[in-house]
Amino acid sequence: MLGVDIGIEPRRVRRAVALVGHETFCYDDLTVTENVRFVARATGNSVGDADAALERAGLQRVANVAHARLSQGQRRRLSLANALARKPRLLLLDEPHAGLDEHGREVLESIVRAAPDAGCTVMIASHELDLARGLSTREVHVVAGQVRPPTSGTTGAAPAPVAVPTVEVEAPA
Amino acid sequence: MSFVRDALVIAGKDLRIERRSRVALQQIIPFGGIVVLLFAFALDSDRTLLHQAAPGLFWAAVLLAVLLAVGRSFSVEEANRARDGLRLSGIDGGSIFVGKAAAVAVELFLLEIVVGAAVVVLYDVTVRGIVVLLCSAVAATVGLAAAGTVYGVLAGGLRARETLVPLLLLPAVTPVMLGGTRAFQAALDGSPGDAWPWIQLLTAFAVLAVAAGTVAFGPLLEAA
Amino acid sequence: MKRLFLGATVVALAVTVVFALWVTPSRPSQGFDAVRLLYLHVPTAWIAYLAFGVTALASLLWLIPRTRDTTWDLLAGASAEVGVLFTGLTLILGSLWGKPAWGTWWEWDARLTTTAILFFLYLGYLALRRTGATSEERGTRSAIAALIAFVDVPVSYLSVTWWQTLHQPGTVFNSNRHVLIDGSMAFTLIAAVVSFTMLYAYLVVERFQLAQLEEGREERELQRAIAERVRADQVEVAPV
């Protein structure tokens, strides 16, 4: 995976992968800035990387707010900032549109579209098929653990110029 | 060296959490003081008895406080699946161990100063043999912090974590209790030379605990 | 097969008891022939060490990825349970012996203290094991806890030679590894060790098989839950 044998060097692989899921993996007592900077340092990046990621996620206004007091949407964007601060080569997004407001979705979109230029592949697992399709170039359906080819007529209509594959899970929640 | 740098990042994170939340300062250290008081009640405020038992009572109070310190060190990892975040960070388990244990050790040192002061004042103790006191305290504290961190991660993520860690940790750190008490006793009795075998015991324990933790922390963090 | 073994164990135990209580010479101490307890107390201690040794070995085998298997995890747990039982027995029998001999139920010497610590270390180990339903969940944690706890076994055994303590130094082997007792006493002791070892083996096998059944049931329930979920998915899926 990513050119490294995952069985022998799992840590190197983990550093190169970023996961944005339901939980933020953050510390309630620390501020947004402190959390993102910790993630950056922990993955061998700099404080500057952290601050830049924070800006791209649009969290400047809550930079000094403790994690415990963030709203759901802000936490989602914090997850994105953490992911960016790791400078990953593979970005895994699990239901990224959930909990994001309009502004948040713009942030998500800009991050996903800019990812390939930074040498990063993005994989999205989502129930929001229309929104996810808008961001992706390739689509995979997973139904009850089985991979199925996508139904025709969908990928052709997607106006997405970015070269990112999408994984869309259709198993009922 | 990346190992040391990563450990410092982890230790810094834990200490920053403490500075922000002040749990050790406002809860754990006062707990140590309360235990010192409790012992006085238990021994019926008998000054002679308290004076004689002071070394042991000091370490008993510290041991109980370690349970809280270790509990706190790992409870911050429970919320928001931060524990998984640590696993995904790609940092070597040994580094995380050293970092977390170091942070606990720092908190313990502060606690020992306060509890020590309380013991000196309340149990009417004359401080002698400072060098021995310091050496034995350093060795003991490192051992306690290391052993505590091992059991903290071992029980981490389990629902019964809060009651399991005390049950697992206390029998395992009896050498520290023994060594610390005897070393302090020798120092306060004015025969610091007698303390050196006990300081050796404390140091051996500390070395073993740190070695065990460096090796075992990674696999334990991965376990479920 | 197992029943045969159980029968043999009972016979061996019976022989031991007969010899311990009647055949061996008497050595009354304060009106109570306490020496007879030693034929039981010493073997229970050795079996406890054996049991924890088996637990440590099984734990090691679990931790090594190539040999990892549920069998080792279950064996470690079963042996530790019997070990805790025998440690408790050792403490109780020792206490019963100590009251007439030393005048007190307990003394704070090295051997007794380290044995009491041993008891608590493995009690904690057993509590830890209960927090996971399958080997996967509890295997690594309990294996490491078992290895740490095992450090106390040699410490406890050697404590009487390291420190001048109240508890007698080795009765059977002194520090030069020479056997110190003989005759009917030696025979009784050997009989006790053999019969207790057989009892240990029987108990561990029973406990192990019970644990295997429990583990199997957990696995089956898990598989059943997964199968039901898959079936439900297949029914509900509608083509897009």
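Leaving aside its neighbours within four places in sequence, which residues is Ala81(A) in contact with? In this predicted model, the contacts that Ala81(A) makes beyond that stretch of sequence are with Val36(A), Ala53(A), Leu54(A), Ala57(A) and Leu59(A).

Ala81(A) also belongs to the largest nonpolar core, a set of 169 residues in which Ala81(A) and Leu202(B) touch the most other members. The element that gives the most to this core is helix α6 of chain B, which spans residues 130-154 and provides 14 residues. As general background, nonpolar side chains tend to be buried together in soluble globular proteins.

Where chain A meets chain B, 18 residues of chain A and 18 residues of chain B take part in the contact. On the chain A side, at least two residues each come from α1 (10-16) and α2 (32-42) of chain A, and the residues of this side comprise 9 charged, 7 nonpolar and 2 polar.

The contact between chain B and chain C involves 15 residues of chain B and 13 residues of chain C. On the side of chain B that touches chain C, two or more residues are given by each of α7 (161-172) and α9 (196-222) of chain B, and α7(B) gives the most, with 5 residues. By class, this side of chain B has 14 nonpolar residues and 1 polar residue, with no charged residues.

How values were computed. Residues are numbered from 1 along each chain as its sequence is written. Chains are lettered from A and ligands numbered from 1 in the order in which they are written. This is a predicted model: local features need pLDDT of at least 70, side-chain atom pairs count only at pLDDT 80 or more; totals for chains, interfaces and linings use all residues. Two residues are in contact if their C-beta atoms, placed from the backbone, lie within 7 Å. Helices (H or I, at least four residues) and strands (E, at least two) are DSSP runs, numbered from the N terminus. Ala, Val, Leu, Ile, Met, Phe, Trp, Tyr, Cys and Pro count as nonpolar, Asp, Glu, Lys and Arg as charged, and the others, Gly among them, as polar. A nonpolar core is a set of buried Ala, Val, Leu, Ile, Met, Phe, Trp, Tyr and Cys residues joined through C-beta atoms within 7 Å. A residue is buried if 20 or more other C-beta atoms lie within 10 Å of its own, exposed if 12 or fewer, and partly exposed in between; C-beta atoms are placed from the backbone.
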